[in-house]
Amino acid sequence: MKAFLIDPEKKKVSIVDIDFFVHDYRKISKMIEAKYFTTVRINSDHDTVYVDDEGLYTDKASFMLKSYPTPLKGKGLVLGVNDEGDSIEPVLSYETLKSMIFWEMG
């Protein structure tokens, strides 16, 4: 399954292939390098970014999304969500996601 990995340290968005059972929260935590994560819905299609729940308390690099008013710190993993709440490929395109991101200044 295709997903997008946002790396604010490198100011890069990558297309990644998720080859594990996505409902295993430990794998998501490992991908975004976070002990705990939270989710932010980023569009009306229910695409969601998983980010470090404790990120704002760290010195990790951050990014912002046009659709969300608060900085998000650390890596982000973008997945879609179906009507049953299962993770699926995001609806938005790679190009659209890249156009939504503002990198941390400085």
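Begin by selecting Phe 4: this residue is buried, with a relative accessible area of 1%. Buried here means under 20% relative accessible area, exposed means over 50%, and partly exposed is in between (1.4 Å probe, protein chains only).

The model is predicted, so local features need pLDDT of at least 70, side-chain atom pairs count only at pLDDT 80 or more, and totals for chains, interfaces and linings use all residues. Residues are numbered from 1 along each chain as its sequence is written, and side-chain values use heavy atoms, with hydrogens and water left out.

**The whole chain**

Zoom out and colour by secondary structure. The chain has 2 helices and 9 strands; helices (H or I, at least four residues) and strands (E, at least two) are DSSP runs, numbered from the N terminus. In order from the N terminus, the elements are β-β-α-β-β-β-β-β-β-α-β. The radius of gyration is 13 Å, close to the 13 Å that the globule rule gives for 106 residues, so the chain is as compact as a globular protein of that length. That radius is taken over C-alpha atoms, and the globule rule is 2.2 Å times the number of residues to the power 0.38.

Along the principal axes, the C-alpha atoms fill a box of roughly 40 × 30 × 20 Å. Of the 106 residues, 42% count as buried. Switch to a surface view: the chain exposes about 6300 Å², and carbon and sulfur atoms supply 51% of it. These areas come from the Shrake-Rupley method with a 1.4 Å probe; for residues, only the protein chains shown count as cover. Among contacts between residues at least 6 apart in sequence, 53% join residues at least 24 apart, where contact means heavy atoms within 4.5 Å.

**Aromatic pairs**

How many aromatic pairs does a search of the whole structure find? The search finds 2. Rings of Phe, Tyr and Trp (its six-membered ring) pair if their centres lie within 6.5 Å; planes under 30 degrees apart count as stacked, over 60 as edge-to-face and the rest as tilted.

Phe 4 belongs to strand E1 (residues 2-7) and Tyr 94 to helix H2 (residues 94-100), so the pair ties together parts that are 90 residues apart in sequence. Tyr 94 counts as partly exposed, at 22% relative accessibility.

Next select Phe 37 and Tyr 50. This aromatic pair is edge-to-face, with 5.3 Å centre to centre and 70° between the planes. Phe 37 is in strand E3 (residues 37-41) and Tyr 50 in strand E4 (residues 48-52), 13 residues apart. Phe 37 is partly exposed, with a relative accessible area of 25%, whereas Tyr 50 counts as buried at 11%.

E3 and E4 run antiparallel and are joined by 5 bridges; two strands pair if DSSP finds at least two bridges between them. Pick Thr 38 to find its bridge partner in E4, Val 51.

Then move to the 6 residues between the strands, where His 46 takes a positive phi near 70°. Most residues other than glycine have a negative phi. His 46 counts as partly exposed at 37% relative accessibility.

**Salt bridges**

A search of the whole structure finds 2 salt bridges, each a side-chain nitrogen of Lys or Arg within 4 Å of a carboxyl oxygen of Asp or Glu.

Select Glu 33 and Lys 75, whose side chains meet in a salt bridge (2.9 Å, N to O). Glu 33 is in the loop between helix H1 (25-32) and E3, and Lys 75 in the loop between strand E6 (68-73) and strand E7 (76-81), 42 residues apart. Glu 33 is exposed, with a relative accessible area of 52%, while Lys 75 counts as buried at 19%. Although not a glycine, Glu 33 has a positive phi of about 55°.

Now select Lys 60 and Asp 52. In this salt bridge the closest N and O atoms are 2.5 Å apart. Lys 60 is partly exposed, with a relative accessible area of 25%, and Asp 52 counts as buried at 9%.

**Last stop: Ala 61**

Ala 61 lies in the loop between E4 and strand E5 (62-65) and counts as buried at 11% relative accessibility. Leaving aside neighbours within four places in sequence, Ala 61 is in contact with Pro 8, Glu 9, Leu 72, Lys 73, Gly 74 and Glu 104.
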